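Here is my note on the model, point by point. Please read it with the structure open.

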Amino acid sequence: MYLSKTEAAVLPTTLVGTPRTPPPPATGRRRIWPLLGPAFVAAVAYVDPGNFATNFSGGASFGYTLLWVIVAANLMAMLIQSLTAKLGLATGRDLATNCRERLPKPVTRGLWLQAEAVAIATDLAEIVGGAVALNLLFGVPLPVGGIITAVVAFVLLGAQSRGHRPFERVIAGLLLVIGLGFGYTLVGSGVDLGGVAGGMVPTFEGPDSLVLAAGILGATVMPHVIYVHSALTPGRYGDVVTAGKTEQGRRRLLRAQRLDVLVAMGVAGLVNAAMLIIAAQLFTADDGIASLESVHAGLGDQLGTGAALAFAIALLASGFASSSVGTHAGQVVMAGFLKRHVPVLARRLVTLAPALAVLVLGGDPTTALVWSQVVLSFGIPFALVPLLWLTSRRDLMGGWVNRRTTTVVGSVVAALIIGLNAHLLIGFVS
């Protein structure tokens with residue numbers, strides 16, 4: 001925005017180029033609190049409706065067997081989200097923008113195309129999940145429920161016009177609703193500690209469990225929030241640039257950022273684990289728990305209407321919150337890779353089309369949710385590999401650069417994800 005001399009004369013000098021007087025040094029919690037929030041926006045995507053489908057399917061079909069996959073995926077998510085948040089803090093730019101500035105144009109275009117495919121798969125899961133929840137709660141037809149979910153997500157995203165903090169508070173509130181819903185249901189279902197211990201041993205039970213493991217991984221480590229988290233951290237604190245120039249300042253900012261990730265991702269991990277445990281405790285493969293509707297009905301039969309209502313409300317909160325985050329991620333991806341902005345409404349209409357097609361044509365919502373998460377699993381390396389490469393470059397990160405151990409662990413995580421995807425793909429082909 002450009003101002004005339006007359007307009008500039010009546011504005012405070014802090015808005016027209018004179019450096020703003022820095023706030024007095026904060027101490028203790030006051031230094032950390034302003035940085036908390038971005039990870040909670042990312043965490044909602046880790047408990048989106050796709051997680052409901054994969055976790056309940058995994059628990060009903062294989063008991064506690066795949067619990068280790070949820071735990072491992074959540075630990076991976078903590079590392080990945082910490083790295084992408086650090087990239088935003090260190091460079092002041094998001095992951096997509098950094099890729100555009102440092103990679104060849106054909107590579108950038110390829111990354112953008114796959115990121116858009118991931119955005120469509122993400123939106124499918126979130127819109128379908130919200131539609132199912134509205135149908136369970138109020139009997140709203142699925143296609144109408146999909147449109148309502150998209151509209152509500154659009155309204156929630158409008159909270160960003162008042163700054164990041166209001167949007168983050170709304171999303172954190174919806175995350176709390178999801179957590180409370182499954183906390184209530186978990187108390188009713190109980191926990192088999194022996195089953196939990198056995199589920200922490202890495203193992204599979206045939207190719208179907210491998211498909212669900214890939215779905216759980218794709219539903220937990222979400223590619224689109226790797227991009228969006230890096231866009232939320234720049235400018236979080238007034239003196240971030242100055243503070244980041246000193247070792248003490250970097251440690252303080254990193255400590256706050258890691259606390260944000262640890263708490264937010266910890267909540268998301270507990271919610272995911274609760275889903276699988278509830279399914280393992282209450283259902284078996286013979287119970288016909290093959291859809292979100294059957295999970296809702298089964299919870300009602302086993303624990304009463306309160307548990308069924310808690311499930312439906314949590315699913316609705318998940319659909320609304322994660323859909324708004326997904327739309328924001330789509331904006332970040334396009335602006336970063338292509339340096340172009342598309343009106344939010346136009347983007348919403350494009351990404352809404354596949355989800356509405358599934359709902360209108362009568363496709364099975366739960367099957368669509370599970371396979372959308374498998375698609376997301378294939379998209380993880382395309383965000384993770386550039387992230388590792390960028391955060392390991394001292395010329396870009398300066399004092400924020402990864403330690404060698406961090407880069408090695410991140411590379412092992414990327415290799416494991418790529419290996420799982422390759423094994424799954426070879427299994428389908430053969």
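1. Basis. This is a predicted model, in which local features need pLDDT of at least 70 and side-chain atom pairs count only at pLDDT 80 or more, while totals for chains, interfaces and linings use all residues. Residues are numbered from 1 along each chain as its sequence is written, and side-chain values use heavy atoms, with hydrogens and water left out.

2. Overall fold. The chain has 20 helices and zero strands. Helices here are DSSP runs of H or I with at least four residues, strands are E runs of at least two, and numbering starts at the N terminus. Of the 430 residues, 55% are buried (under 20% relative accessible area, 1.4 Å probe, protein chains only).

3. Contacts and surface. Among contacts with a separation of 6 or more, 84% join residues 24 or more positions apart (contact: heavy atoms within 4.5 Å).

4. Largest pocket. A pocket is an open set of points on a 1 Å grid over the protein atoms alone, with protein on both sides within 12 Å along at least five of seven lines; lining residues have an atom within 4 Å of a point. The largest holds about 540 Å³. It has 20 lining residues, and Lys86, Leu254, Arg258, Arg403 and Thr406 are the closest to its centre. H14 (247-282) and H5 (67-91) each give at least two lining residues. H14 gives the largest share, nine. By class, the lining has eight nonpolar, five polar and seven charged residues.

5. Largest cavity. A cavity is a set of grid points where a 1.4 Å probe fits but cannot get out. The whole structure has four of 30 Å³ or more. The largest holds about 60 Å³. Its lining has 13 residues, with Ala115, Val118, His224, Tyr227 and Val333 nearest the centre. Helices H7 (105-138), H12 (223-232), H16 (305-338) and H18 (365-391) each give two or more. Which classes make up this lining? Eight residues are nonpolar, five are polar and none is charged.

6. Helix H4. Why call H4 largely enclosed by the rest of the structure? Because 13 of its 14 residues are buried. H4 (residues 49-62) reaches 20 Å from first C-alpha to last, close to the 20 Å expected at 1.5 Å a residue. Just after H4, glycine 63 takes a positive phi of about 60°.

Key:
Grid points are joined across faces, edges and corners, and a volume is the space filled by probe spheres set on the points. Ala, Val, Leu, Ile, Met, Phe, Trp, Tyr, Cys and Pro count as nonpolar, Asp, Glu, Lys and Arg as charged, and the others, Gly among them, as polar. Buried means under 20% relative accessible area, exposed over 50%, partly exposed in between (1.4 Å probe, protein chains only). The expected span of a helix is 1.5 Å times one less than its number of residues.
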